[in-house]
Amino acid sequence: MQHTSARTGTRPGNRDDSRAPGRAPRRPPAASTGGRSRLPRYWFAERLLSVLSGHRPVHWMLGHTIGHAYEQLVRLAPGAPLSTNGLRPVLRHCDEYVPRPGVIEAFARITAGDRVRAMAFRLEQGPDLRWRCAAVELGGERLEAGV
């Protein structure tokens, strides 16, 4: 028995998109996880989230921080300020403000279940053109070294 199907170009009555059944909708490359992970703000937000939620050790950020930012993370990480009752926090959105070339002030929205948290951080570009984290803030509480 041979199965043939005729494509009529119509969609089922309950479908309003053009994707095939069982397939996720297509996203533009800039909005995809792969595209956004190349942006410094998303790359650092994911790393900071992993450290501050207790899923990665703080030394994972060694070489990606400048000034007192690493000591700041060493003090914060043991308390896992972004951990929430066994739910793994997820980076939902991250945006940036560029006050001058070579500096990014980024802010991120993080969710875990129905809880939403905020994280802000500053990135500075060195002479080698690599970005490094210089400061971190969580939920309005300034988390600076030496304070």
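The legends below describe several close-up views of a predicted protein model.

Residues are numbered from 1 along each chain as its sequence is written, and side-chain values rest on heavy atoms, with hydrogens and water left out. Because this is a predicted model, local features need a pLDDT of at least 70 and side-chain atom pairs count only at pLDDT 80 or more, whereas totals for chains, interfaces and linings use all residues.

View 1. The protein has 3 helices and 5 strands, where helices (H or I, at least four residues) and strands (E, at least two) are DSSP runs numbered from the N terminus. Confidence is highest in strand β1, with a mean of 95, and lowest in strand β5 (residues 141-143), with a mean of 48. Over residues 27-32 the pLDDT is below 50, and this stretch has 5 contacts in the model beyond near neighbours in sequence, a contact meaning heavy atoms within 4.5 Å.

**View 2. The hairpin of strands β3 and β4.** Strand β3 (residues 115-125) pairs with β4 in the antiparallel sense over 7 bridges, two strands being counted as paired if DSSP finds at least two bridges between them. Phenylalanine 121 has valine 136, in β4, as its bridge partner. Between the two strands of the hairpin there are 5 residues, and leucine 129 takes a positive phi near 70° in this hairpin. Of the 8 residues of strand β4 (residues 131-138), 6 are buried, so this strand is largely enclosed by the rest of the structure; here buried means under 20% relative accessible area, exposed means over 50%, and partly exposed lies in between (1.4 Å probe, protein chains only).

**View 3. The salt bridge between glutamate 96 and arginine 41.** A salt bridge is a side-chain nitrogen of Lys or Arg within 4 Å of a carboxyl oxygen of Asp or Glu, and a search of the whole structure finds 4 of them. In this view the side chains of glutamate 96 and arginine 41 meet at 3.3 Å, N to O. Glutamate 96 lies in strand β1 (residues 90-100) and arginine 41 in helix α2 (residues 40-52), so the pair ties together parts that are 55 residues apart in sequence. Glutamate 96 counts as partly exposed because its relative accessibility is 30%, whereas arginine 41, at 14%, counts as buried.

**View 4. The salt bridge between glutamate 105 and arginine 122.** The closest N and O atoms of this pair are 2.7 Å apart. The pair links distant parts of the chain, with glutamate 105 in strand β2 (residues 103-112) and arginine 122 in strand β3, 17 residues apart. Glutamate 105 has a relative accessible area of 31% and is therefore partly exposed.

**View 5. The salt bridge between aspartate 128 and arginine 132.** In this pair the closest N and O atoms are 2.9 Å apart. Aspartate 128 is partly exposed, with a relative accessible area of 43%, while arginine 132, with a relative accessible area of 16%, is buried.

Definitions and conventions
pLDDT = per-residue confidence, 0-100.
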